[in-house]
Amino acid sequence: MSDLNYPEEGATRRGPLPAGYHHLREELPIGHGRAVLAAAGDAITTFRMHRAAGTRIRATAPRAAPGVGVEVALGIGPLRLRAPCTVVWTVDEEDRIGFAYGAREGHPECGEEAFVAELRGDGAVWFTVTAFSRPARAVTRLAGPLVPVFQRQYVRHLGRTLRRLTKLP
């Protein structure tokens, strides 16, 4: 039995994203070539991208795999917001590497978020975040329309961080 706080497990992988949620899809270029893809995939799946972006991550394993528990924490002191998640799927293909986690009970949102690096036909490597979410607690309900704005800015920050982590000499 799943401890996720939403029923549409895996929807960020198979699509379409479910109705009744805020949808987010951001694609950001991070570099070129297979070496950049490998570095990006490693940074994503070991949670190094999140940590380098200033996010506190506690995971039950060093690498994302289905069933791995993850606690994401943003903020400081009494303003720290904790968000328990579970990795729901991973991808490790020739041209795509990444994972998605889903919100568990106690998370301020319900929904799922996927982080994938992809090598495209022209050699460009893109970082894509796909998510669906809606408020699950009073704090996110009160924040209302600010939550999607914050999410989009956070994703762009992750993209800049990943670009920096994968920059080749």
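1. In this predicted model, Arg 134 is placed over the face of Tyr 21, 4.1 Å from the ring centre. The ring of Tyr 21 also takes part in one of the seven aromatic pairs found in a search of the whole structure. Its partner is Phe 132: the ring centres are 4.9 Å apart and the planes stand at 75 degrees, so the pair is edge-to-face. Tyr 21 belongs to the loop between α1 (11-14) and β1 (22-32), and Phe 132 to strand β7 (residues 124-135), so this pair ties together parts that are 111 residues apart in sequence. Both residues, Tyr 21 and Phe 132, are buried.

2. How are the rings of Tyr 101 and Phe 115 arranged? Their centres are 5.3 Å apart with planes at 70 degrees, so this pair too is edge-to-face. Tyr 101 sits in strand β5 (residues 96-103) and Phe 115 in strand β6 (residues 109-119), so the pair ties together parts 14 residues apart in sequence. Tyr 101 is buried, as is Phe 115. The two rings are members of a cluster in which ring pairs link Phe 47, Phe 99, Tyr 101 and Phe 115.

3. Phe 115 deserves a separate entry for its contacts. Setting aside residues up to four places away in sequence, Phe 115 touches Ile 44, Met 49, His 50, Ile 97, Gly 98, Phe 99, Tyr 101, Phe 127, Thr 128, Val 129 and Leu 158.

4. Ile 44 is part of helix α2 (residues 34-45). Is Ile 44 buried or exposed? With a relative accessible area of 0%, Ile 44 is buried, because the limit for that class is under 20%. Beyond its neighbours within four places in sequence, Ile 44 is in contact with Met 49, Ile 97, Gly 98, Phe 99, Phe 115, Val 116, Ala 117, Phe 127 and Leu 162.

5. The largest nonpolar core holds 33 residues, and the members that touch the most others are Ile 44, Met 49, Val 70, Phe 99, Phe 115, Phe 127 and Leu 162. Two or more residues come from each of β1, α2, β3 (69-74), β4 (81-92), β5, β6, β7 and α5. Helix α2 gives the largest share, five residues. In soluble globular proteins, nonpolar side chains tend to be buried together.

6. Ten salt bridges are found in a search of the whole structure. Which residues does Glu 26 bridge to? One is Arg 152, where the closest N and O atoms are 2.4 Å apart. That pair links distant parts of the chain, with Arg 152 in helix α5 (residues 146-165) and Glu 26 in strand β1, 126 residues apart. The other is Arg 156, with closest N and O atoms 3.4 Å apart. Since Glu 26 lies in strand β1 and Arg 156 in helix α5, this bridge ties together parts that are 130 residues apart in sequence.

7. Accessibility at this site can be listed residue by residue. Glu 26 counts as buried at 10% relative accessibility. Arg 152 is partly exposed, with a relative accessible area of 25%, and Arg 156 is partly exposed as well, at 31%.

8. Another salt bridge joins the side chains of Arg 25 and Glu 27, at 3.2 Å from N to O. Arg 25 is exposed, with a relative accessible area of 52%, so it falls over the 50% limit. Glu 27 is partly exposed, with a value of 34%. Salt bridges with shared partners join Arg 25, Glu 27, Glu 118 and Arg 120 into one network.

9. Arg 80 is located in the loop between β3 and β4. Its relative accessible area is 22%, so Arg 80 is partly exposed. Not counting residues up to four places away in sequence, Arg 80 touches Arg 56, Ala 73, Leu 74 and Gly 75. The C-alpha atoms of Arg 80 and Ala 138, which are 58 residues apart along the chain, are separated by 15 Å.

Notes: Residues are numbered from 1 along each chain as its sequence is written. This is a predicted model: local features need pLDDT of at least 70, side-chain atom pairs count only at pLDDT 80 or more; totals for chains, interfaces and linings use all residues. Side-chain values use heavy atoms; hydrogens and water are left out. Rings of Phe, Tyr and Trp (its six-membered ring) pair if their centres lie within 6.5 Å; planes under 30 degrees apart count as stacked, over 60 as edge-to-face and the rest as tilted. Helices (H or I, at least four residues) and strands (E, at least two) are DSSP runs, numbered from the N terminus. Buried means under 20% relative accessible area, exposed over 50%, partly exposed in between (1.4 Å probe, protein chains only). A charge sits over a ring if NZ of Lys or CZ of Arg is within 6 Å of the ring centre and within 35 degrees of the ring normal. A salt bridge is a side-chain nitrogen of Lys or Arg within 4 Å of a carboxyl oxygen of Asp or Glu. Contact means heavy atoms within 4.5 Å. A nonpolar core is a set of buried Ala, Val, Leu, Ile, Met, Phe, Trp, Tyr and Cys residues joined through side-chain atoms within 4.5 Å.
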